[in-house]
Amino acid sequence: MTLPLTVGEIAAVVDGSTVGDPAVVVSAPAVLDGRQARPGGLFVAFVGDRVDGHDYSDQAGRAGAVAVLGSRPTALPTVVVADTEAALQRLAAHVVGRLRGGLTVAALTGSQGKTSTKDLLAAVLSGSAPTTATIGSLNNELGVPLTMLRADASTRYLVLELGARRVGDIAHLTDLVAPDVGVVLNVGQAHLGGFGSRAAIARAKGELVQGLAPRGTAVLNADDPRVIAMRALTDGAVLTFGRADHADVRIADLVLDRLGRPSFRLSADGTSVPVTLPLVGAHQAHNAAAAAAAGLAVGVPLVEAAAALSTATVSKWRLELRDLGGGVTLLNDSFNSNPDSARAAVDALATLDGRRRIAVLGEMLELGADSDTEHRAVGAYAAARADLVVTVGNSRPIADGAGPQAVRLADNAAAIDWLRRTVTAGDVVLIKASREAHLEEVAAALEQDHVVDRDAVRP
């Protein structure tokens, strides 16, 4: 937490009791992992099924933490509460509330593309004023307040990625902080098992529009019927983006270069500007348009937004394109997966020049009763666009959909062994699965075997 508060002040905010010196000042961000603590920071301790965070307070202290927020006393000055999660959220709401006079909050949600768009929006806004944004995809009931607690008196823009697994999750997050700008990217099939239907997903995403601050602006995807219908959920301003003729921020003249990077024009209010993204995939044009529209909502000119977008980078393991040794190309999209994002990744693979295009695909989780059907459909989609479809782990339906182009492998170790024996010069390899599959291990092994410069992204 970078807005200084004493341990006693924190206790008063969260209705907790203090053990230890209440005058100790917390002046650095809050963390859940004691190893990540910074001097002056707050360590938030949870009791989990396997690990009790309080047992790591000494580790947090060695890393620099000066206090703990938890459910029992520790060796550090501790704010003791009955519900640590609720206390963390209450503290975050208090801190942002104190900053709100000089702070504009932009939040975004969607079934896919949230993290990339968040990174693009942060790039657009940070060119104008100090910006604090979600790190990676810390977008849940813990990640959002941790991001809020990184804001300080110099922060002018706070960019929050909001995720949801069920109806009500986003409403709860907007109760912590009502955004001035709310971006809804799309309504897809991520977490379909938890929601039960796309209609329920749409209701969940619409909670962001309903939770906007007074005079807030909704930024909506003009190309997604379920999203554009959300304009009925607000009496405030609405900006739209997309390829539709009626979009306020319109994408036109979209082309991909030989590396799958999109170039296009963005048009708004009579201004038209060129954008060339250093990212892979045609779908990134929509993410960029969403970021530009949100920028316009807070006064960033389209020309400035386009310049920022053309040099922006996104979080790791999201369609990272790397040239490896021996002429092998890796497209690492291993951070997460759902049917829509898997198709987008396969489309990106299909645009790349190569001797063979190899799609290494793992399980997509939380799809509910439609899981097998959706996995088979992705397998068939990949088979139509790749030369080989390698399925890893519990992903039999993908192989069934891919048919004779499928290579079935039992686990990550088998996938690493197969790639080592099979991949040769000129091959392009996509790696994509849900987070729990840990296919980043497969990507790391391929990179280890073939790397020329591990930090070099293909220009």
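## Aspartate 253

Aspartate 253 sits in strand β14, which covers residues 249-256. The model is predicted. The backbone here deserves a look: phi of aspartate 253 is near 55°. That is a positive value in a residue other than glycine.

Is aspartate 253 buried or exposed? Its relative accessible area is 57%. The cut-off for exposed is over 50%, so aspartate 253 counts as exposed.

## Leucine 319

Leucine 319 also has a positive phi, about 50°, although it is not a glycine. Where does leucine 319 lie? It is in the loop between α11 and β17, the latter being residues 320-323.

The relative accessibility of leucine 319 is 7%. Buried means under 20%, so leucine 319 is buried.

## Alanine 305

Helix α11 runs over residues 302-309 and holds alanine 305. The relative accessibility of alanine 305 is 0%, so this residue counts as buried.

Which residues does alanine 305 touch, leaving aside those up to four places away in sequence? They are Val124, Ala292 and Val300. Take alanine 292: it is 13 residues from alanine 305 in sequence. In space, the two C-alpha atoms are 5.6 Å apart.

## The annotated domain

UniProt, in an unreviewed entry, places the feature "domain: Mur ligase C-terminal" at residues 318-435. In the model, that span is 37% helix and 25% strand.

## The whole chain

The protein chain contains 16 helices and 22 strands. Its radius of gyration is 23 Å, close to the 23 Å that the globule rule gives for 459 residues, so the chain is as compact as a globular protein of that length. Along the principal axes, the C-alpha atoms fill a box of roughly 65 × 55 × 45 Å.

How much of the chain is buried? The share is 55% of the 459 residues. Contacts can be sorted by sequence separation. Among those with a separation of 6 or more, 62% join residues 24 or more positions apart.

## Surface and charge

The protein chain exposes about 17900 Å². Carbon and sulfur atoms supply 49% of that area.

Charged side chains number 42 positive and 50 negative. The centres of the two sets lie 3 Å apart.

Notes
Residues numbered from 1 in each chain as written. Predicted model: local features only at pLDDT ≥ 70, side-chain atom pairs only at ≥ 80, totals over all residues. Heavy atoms only, no water. Helix = DSSP H or I, 4+ residues; strand = E, 2+ residues; numbered from the N terminus. Rg over C-alpha atoms; globule rule 2.2 N^0.38 Å. Buried < 20%, exposed > 50% of the residue type's maximum accessible area, 1.4 Å probe, protein only. Contact = heavy atoms within 4.5 Å. Areas by Shrake-Rupley, 256 points an atom, 1.4 Å probe, with all protein chains shown as cover. Lys, Arg positive; Asp, Glu negative; His and termini not counted. Charge placed at Lys NZ, Arg CZ, Asp CG, Glu CD. UniProt positions renumbered as here; feature names shortened; annotations may be inferred.
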